[in-house]
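Here is a short briefing on one protein model. Look over the sequence and structure, then read the points below.

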Amino acid sequence: MKLAVLRERDPEEPRVAATPDTIKRYRGLGFEVSVESGAGRGSGLSDADFETAGAVVVPQAVAGADAILGVRRPDASALAGCRGGAVVAALMDPFGHEAALSELAKTGIVAFAMELIPRITRAQAMDALSSQANLAGYRAVIDASYEFGRALPMMMTAAGTVPAARTFIMGAGVAGLQAIATARRLGAIVTATDVRPAAKEQVESLGAKFIAVEDEEFRQAETAAGYAKEMSKDYQAKQAALVAEHIKRQDIVITTALIPGRPAPRLISAAMVHAMRPGSVIVDLAVERGGNCELAKPGEVALIDGVKIVGHLNVPGRIAATASSLYAKNLYALLEILVDKSAKSLAIQWDDEIVKATALTRDGAIIHPSFQPKTAA
Ligand code: NAD
């Protein structure tokens, strides 16, 4: 079996889909591994590191590969010369990109979307959304403290007492919970909100105060998959009133709220930003999905009335070496179930729950029910 590790073509993507550690494991599974030269540079890994782990480093690795690993969805040029039926696993960003998926299907590959890994116990080690969101939550607090002109912990010094920073985390999923834990470790006073009732106990167990509109709709807000629903206009108005009051007194606000397959919910209006004190910082982790804050600008740190609004893109990529090491392990865990270990060959179980949830394309067509091309009426 042959495995190819792509060099990311997007210059904004410093992560890599394999590490020396996972390459050794793939070799144990029976793979010969080729890594495209320079693939690890953005994550502090040299070609020699991959070679020492037993990989061959080449300019283009896909020819003849049975499995191809990437961080972002590869385009046709990155896959040029790959064989039909090859498995390609990456963060395929499938929602709203059906045309790109059709192009991918035409290459004849079997595409697996790492963001569609189901949240079941057996698939936890493959859960790339969680591994990357956790690091984004951590990094958001580091970025906020970097932009904030004050200290986060309370300090009692001979020269006077410095108050602890008030930090509000909006959205208490994987990223939000790590942001809470990180801000607490740095000594901030932390409050958090979410629309899912299960979040309340998790927030409180991390030592933060939970703030939310806890009505009947809130009690029903979690889907069977554990995600949030889009809330009604009425709920959104009540939530906005609560947030407007709370946010005025905050030094740092970190927003992480997402709804799968939908634009990010708008939680911070321009008026709320104007009501914040100069020197405050907002970090919008949802900026790539439309933003939780009306004034966030993708890829920029905007300054509005003295309030900094941080809209960094690809926040897991801002902690690339760690993000790559976890993402590479997520990929390995998936590949492991696609291989027949005794025959040392690919053996995809098409009726496996994880395969059904993540496989997008096969034999030239999109097979995932959620991403069928719209047929002309
Ligand atoms: P996500 O990234 O889709 O959303 C982030 C958070 O934003 C969620 O907590 C969501 O409830 C919240 N949100 C959405 N709309 C909001 C609004 N209007 N106001 C405030 N908050 C809003 O979610 P996620 O981080 O991927 O996690 C969702 C859930 O799945 C969590 O409970 C998490 O613990 C759980 N989870 C389970 C597993 C597993 O069982 N294997 C793995 C990972 C996550």
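The backbone oxygen of proline 265 lies 2.7 Å from a polar atom of the asparagine 292 side chain. This is a predicted model: local features need pLDDT of at least 70, side-chain atom pairs count only at pLDDT 80 or more, and totals for chains, interfaces and linings use all residues. Residues are numbered from 1 along each chain as its sequence is written, and side-chain values use heavy atoms, without hydrogens and water.

**Asparagine 292**
- Asparagine 292 sits in the loop between strand E13 (281-284) and strand E14 (301-304); strands are DSSP runs of E, at least two residues, numbered from the N terminus.
- Its relative accessibility is 0%, so asparagine 292 counts as buried (under 20% relative accessible area, 1.4 Å probe, protein chains only).

**Helices H1 and H10**
- The axes of H1 (residues 20-29) and H10 (residues 320-337) come within 10 Å and cross at roughly 10°; axes are lines fitted to C-alpha atoms over the stretch in contact, with angles from 0 to 180 degrees between N-to-C directions.
- H1 and H10 are therefore roughly parallel (angles under 35 degrees).
- Helices are DSSP runs of H or I, at least four residues.
- Buried residues of H10 include Ala328, Leu331 and Tyr332.

How values were computed. Angles under 35 degrees count as roughly parallel, over 145 as roughly antiparallel, 65 to 115 as roughly perpendicular and the rest as oblique. Buried means under 20% relative accessible area, exposed over 50%, partly exposed in between (1.4 Å probe, protein chains only). A polar contact is a pair of N or O atoms within 3.5 Å; within protein, one must be able to donate a hydrogen and the other to accept it, and residues adjacent in sequence count only if both atoms are side-chain atoms.
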